[in-house]
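Please look over the sequence and the structure before reading on.

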Amino acid sequence: RMSSKTGKKHFFWKVSDSNSTIYILGSIHLADSSFYPLDPVITNAFNRSDELAVEIDISDDSILQEITTLNEQYGMFHGNDSLENVLPDSLRNSFDSICTSWGIPIGTFNRYKPWSAAMTLNSIGIMQLGYNYNLGIDSYFLQLAHKTGKDVISLESSKDQVMALTGKGVDDSVGIYFMMKTLREVGLIDSSVSWMMRAWKTGDDSLFWNAMNADTAKGNARDSIIQKEIDERIFHSRNRAMADAIENLLTRKRKVFVVVGTAHLIGNNENIIDILRRKGFTIEQL
């Protein structure tokens, strides 16, 4: 394991103004034991912090219950519609064959709207490779916060996050495009996930970005408009809201250790780190 003496950078930033400091760590939500122990530069900063902030505190049972209810409300069909009715045949066949090859009974996702089905399939794909949520970086720090008695802050509301991640209110065609793209990505998941894990461990943002964008199929102009809408929902609008929440924490003069998905901290321009830099904070990558 490389030590921080080698000058290796992590997806880890120190954000400060004249009188307060916040640490921001990029998380991998599904990981494995090979990620631990974390570099002392990260764990020492956590130990020095007063509070932990995460996207959403899923260690809180009432929040978890609310998320489950909202997922059901926004991400599922409640009438006679079903996934197989709304998917074009070719897409349904690809979806069914992935389910079959992963040992998931056909029809498991029938009440899922396309967007939620795609999101869930992607998580299952990563778990199939031996990674899990309990060993994810945010989960690790949530457990540590409970052990050490640190308060936990949620940067997002359950409703905002679930609306973004279930594609609530998007046109069916957007959900179907998202499913199509996910099915292409799932075909590459072995390599893209191993790149992503390696990128996280080595702090390599271009490798991480390429792993996230492994699907290089060239779409038409309409596809790129839909893709912008998806990025706006999943990333950009949430990045702006989380950056505002972090800015608010800085004004409270608390030392807070923030853990959010790495994808929110890298990539072009609309990421949380860039937004905070534009707001005038001093930022150093550790």
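Alanine 241 is found in helix 11, where helices (H or I, at least four residues) and strands (E, at least two) are DSSP runs numbered from the N terminus. The model is a predicted one, in which local features need pLDDT of at least 70 and side-chain atom pairs count only at pLDDT 80 or more, while totals for chains, interfaces and linings use all residues. Residues are numbered from 1 along each chain as its sequence is written, and side-chain values use heavy atoms, with hydrogens and water left out.

With a relative accessible area of 41%, alanine 241 is partly exposed; here buried means under 20% relative accessible area, exposed over 50%, and partly exposed in between (1.4 Å probe, protein chains only). The C-alpha atom of alanine 241 is separated by 8.1 Å from that of leucine 155, although these two residues are 86 residues apart along the chain.

Helix 11, which covers residues 221-251, also contains glutamate 229. Glutamate 229 counts as partly exposed because its relative accessibility is 35%, and together with Asp81, Asp171 and Asp172 it forms a negative surface patch. Such patches are made of residues with over 30% relative accessible area and no salt bridge, like charges being joined within 9 Å and nonpolar side chains (Val, Leu, Ile, Met, Phe, Trp, Tyr) within 5 Å. Asp and Glu count as negative and Lys and Arg as positive, whereas His and the chain ends are not counted.

## Salt bridges

Side chains of opposite charge can pair when their charged atoms come close. The structure holds 14 salt bridges, a salt bridge being a side-chain nitrogen of Lys or Arg within 4 Å of a carboxyl oxygen of Asp or Glu. One of them joins lysine 279 to aspartate 244, with the closest N and O atoms 2.9 Å apart. Since aspartate 244 lies in helix 11 and lysine 279 in the loop between helix 12 (272-278) and strand 6 (282-285), this pair ties together parts that are 35 residues apart in sequence. Lysine 279 also forms a salt bridge with glutamate 247, where the closest N and O atoms are 2.8 Å apart. Glutamate 247 lies in helix 11 and lysine 279 in the loop between helix 12 and strand 6, so this pair ties together parts that are 32 residues apart in sequence. The three residues are each partly exposed, at a relative accessible area of 41% for aspartate 244, 32% for lysine 279 and 26% for glutamate 247.

A further salt bridge is formed by arginine 254 and glutamate 51, whose closest N and O atoms are 3.0 Å apart. This pair links distant parts of the chain, 203 residues apart, with arginine 254 in the loop between helix 11 and strand 5 (256-261) and glutamate 51 in strand 3 (residues 51-54). Arginine 254 counts as partly exposed at 31% relative accessibility, whereas glutamate 51 is buried, with a relative accessible area of 5%. Elsewhere, Lys181, Arg184, Glu185 and Asp215 are linked in a network of salt bridges.

## Buried positions in and before strands

Valine 259 is found in strand 5 and is buried, with a relative accessible area of 1%. Not counting residues up to four places away in sequence, valine 259 touches Leu25, Ser27, Leu52, Ala53, Val54, Glu55, Ile137, Asp138 and Phe141, contact meaning heavy atoms within 4.5 Å. Valine 259 and asparagine 220, by contrast, are 36 Å apart in space, C-alpha to C-alpha, and 39 residues apart in sequence.

Serine 16 has its place in strand 1 (residues 12-16) and counts as buried at 13% relative accessibility. Beyond residues up to four places away in sequence, serine 16 touches Thr21, Leu250, Phe281 and Thr282. In the segment before strand 1 sits histidine 10, which is buried, with a relative accessible area of 7%. With the same exclusion of residues up to four places away in sequence, histidine 10 touches Asp39, Val41, Ile42, Gly203, Gln285 and Leu286.

Glycine 125 lies in helix 5 (residues 114-128) and is buried, with a relative accessible area of 1%. Not counting residues up to four places away in sequence, glycine 125 touches Trp102 and Ile189. The C-alpha atoms of glycine 125 and valine 193 are separated by 9.4 Å, the two residues being 68 residues apart along the chain.

Key: Accessible areas come from the Shrake-Rupley method with a 1.4 Å probe; for residues, only the protein chains shown count as cover. The place of a charge is taken as NZ of Lys, CZ of Arg, CG of Asp or CD of Glu.
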